[in-house]
Amino acid sequence: MLSSSTSGDADSIPQHSRDQFAPIPIPIPIPIPVRSLLPHSKLSLGCPVLSRLLSGGLPVGTLTEISGESATGKSQLCLQLLLSSLLPPCLGGLASSSLLILPSLLPFSSLLKRLSRLPSPLHPSPSPLDHIFVASAHSPDHLFMLLYQADRLFQSHKLRLVVVDSIAAIFRSEFDNNLGDLKTRTAMFFKVAAKLKEQAYRFGAVAVLTNQVVDVMGPEMAADVGNNHHTGPALLSSGRTVAPAMGLSWANCVNTRIFLSRNDEVAAVGVNGEDMTVCTRRRMEVVFAPHVPRSSCEFVIRKDGVFGLEIDRQ
Amino acid sequence: MEISNLPISPSIRSKLLSKGYTNLSSLSSISPSFLAQELSVKLEEAVEVLRAVSDTTTSKNAHIPNGIIPGAVTAWDMLSEEQMQRHISTGCEDLDAILGGGIHCKEVTEVGGVPGIGKTQLGIQLAVNVQIPVEYGGLGGKAVYIDTEGSFMAERAYQIAEGCIYDILDKFPSNSREFLSCKERLQVNNFLAGIFYFRICSYTEQIAVTNYLENFLTEHRDVNLVIIDSVTFHFRQDFDDLAQRTRVLGGLSLRLMKLSKMFNLAVVLLNQVTTKFTDGSFQLTLALGDSWSHSCTNRIILHWNGNERCAYIEKSPSVPSASAPYLVTGKGIRGINSNFKRARIM
């Protein structure tokens, strides 16, 4: 304990305490042989078709974003990932526990219900719920603090998967729209992303976030904003052009971006031309990833999980 | 005429002179197959000529006189040095053409673009292409890859190295004894071993690695390329004092420029984009601010043109501004025309 001097004079701090605060020397950097990085462990998505879309799954050491409109299956896919991580590596898992961070714990009972409906991957085994940690973060600063506290979970409880559902909800309404706050918000994006990526790299873990989408002006209107804003081929959902929320700076923070969309299509029309059967077609698209090309596949959401239908490459 | 001093047979010498190759610099960036075609000689003889040229130039550079001021070089020497400058192919012929042969050694090149446009892919492609042996028109050097974001995937580097070797063997089908020893070196594992990969997780580690590079490069003289992917990521967190950030970045770029000249290597910095409010609207611009934009010798912007990927040279002291389309395929970065083989298009 430091003495109760209030002058703030450095000499009043005893020497042994001062040594505790000496700067830690940074060790000499050592190059990592690239061959030792092969094969790169991946977390399966819980369905072979969807995992094949990502060449095995989400790579360890990277940050993946799953964006989409509401009710496109983001949270359901996250639950599937939480269970998948329990599996041993030979079955595409990480043999690990996982951490789920939500903006609030209010929907906790419905979360438990959804989790219990999914088939448990381990037989016979203790309940998978013993290996899933849940926390709520009500602001970006709180989220950052939670991640710091999670360091000990990585070390002692073999935590290898962190899921944040959703990052947009945690960042929303925390900042006003003036320029100073926007800069702070952008800096916070990078701070959170850097922390998640560092933990993923140091502990061989996977970090996943879900994000919402916002409407964007279609390419016909692009002339007004200048076509400089073109960040790639358009993403469509429910017949509208959308883009993941939190803007261009956030897009620079993630390694992999997955986009879930749904479109209602007329499957059949009755004889009188009035009875229409509408079906919801769901699509998972890899917008960018460090290890796979742009591609997409259709999927369905069933009671027992999210499953892909077939793969077509664009 | 310097050609007359080359240790080559008189018949080949006269062929060179008659075709207009009068000095060594005109032979500095020619591939053996092209030369063989020009002179109508066998490929092995063209390789002999180019080897004689490179031997002569390395011994010549060792004897450049210091002049009155130590370290000073005459403009004439600088010009002939510049003409000997080596380039690293990007994999896309159109892009190589507008760059004047490829990424220049002894210079710092910044490459920026939106996420998903192919910056890391280009970085890995360059790290592979720098290792193409001299006999096949490359530099035969190694690469240092400093990864700050975690986007480098070894399995992707494997695919790109495989694709590069496949294309080389396709282009140079010669089976002579000369090329056999070269072919043996064309193994994917050799290419992977030729990339020195550093993963750093904070801006202090980034500065530490840059400081350490001088020692590393002195020990590994065969490194011809240093890539930082991306130089921006760790600098966009809370640097409360923006002036300090500018100072740190300025020091970083100066150190990298010094290293590029000292060790004759190409430095490639990958950068992110952000929006800037100019002329009443938001425009896309490279991150890290206005003062950073002066720090790099060359600047290439990768962008989307409709559904096509395009590279635009925004700043270069030696080539005019121009644009070239490119593809990211399963084998790596390729040009539009070379994509008639069965390759997955990204």
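Reader: Which conventions apply here?

Author: Residues are numbered from 1 along each chain as its sequence is written, and chains are lettered from A and ligands numbered from 1 in the order in which they are written. The model is predicted, so to speak of local features needs pLDDT of at least 70, and side-chain atom pairs count only at pLDDT 80 or more, while totals for chains, interfaces and linings use all residues; side-chain values use heavy atoms, with hydrogens and water left out.

Reader: How many helices and strands does chain B have?

Author: Helices (H or I, at least four residues) and strands (E, at least two) are DSSP runs, numbered from the N terminus. Chain B has 12 helices and 13 strands.

Reader: What share of chain B is buried?

Author: Buried means under 20% relative accessible area, exposed means over 50%, and partly exposed lies in between (1.4 Å probe, protein chains only). Of the 346 residues in chain B, 52% are buried. Look at helix H6 (residues 119-129) of chain B, where 11 of its 11 residues are buried. Among them are Leu122(B), Ile124(B) and Leu126(B), and also Lys119(B).

Reader: Is Ile88(B) buried or exposed, and why?

Author: Ile88(B) counts as buried because its relative accessibility is 1%. This residue lies in strand S1 (residues 87-88) of chain B.

Reader: Which residues is Ile88(B) in contact with?

Author: Contact means heavy atoms within 4.5 Å. Leaving aside neighbours within four places in sequence, Ile88(B) is in contact with residues including Asp96(B), Ile103(B), Leu126(B), Leu225(B) and Ala266(B). Take Leu126(B): it is 38 residues from Ile88(B) along the chain, and their C-alpha atoms are separated by 6.9 Å. For chain B as a whole, consider the contacts with a separation of 6 or more: 64% of them are between residues 24 or more positions apart.

Reader: How many residue pairs are in polar contact between chain B and chain A?

Author: A polar contact is a pair of N or O atoms within 3.5 Å; within protein, one must be able to donate a hydrogen and the other to accept it, and residues adjacent in sequence count only if both atoms are side-chain atoms. Between chain B and chain A there are eight such residue pairs, both residues being at pLDDT 80 or more.

Reader: How many salt bridges does the rule find across the interface?

Author: Side chains of opposite charge can pair when their charged atoms come close. A salt bridge is a side-chain nitrogen of Lys or Arg within 4 Å of a carboxyl oxygen of Asp or Glu. The rule finds two across the interface of chain B and chain A. Glu205(B) pairs with Arg202(A), with the closest N and O atoms 3.3 Å apart. Lys42(A) pairs with Glu155(B), the closest N and O atoms being 3.0 Å apart. That pair crosses between chains, from strand S2 (residues 42-43) of chain A to helix H7 of chain B. Both Lys42(A) and Glu155(B) are buried.

Reader: Which residues does the salt bridge of Arg299(B) link?

Author: Arg299(B) pairs with Glu314(B), and the closest N and O atoms are 3.5 Å apart. Arg299(B) is buried, with a relative accessible area of 8%, whereas Glu314(B) counts as partly exposed at 38%.

Reader: How many salt bridges are there over all chains?

Author: A search of the whole structure finds 18.
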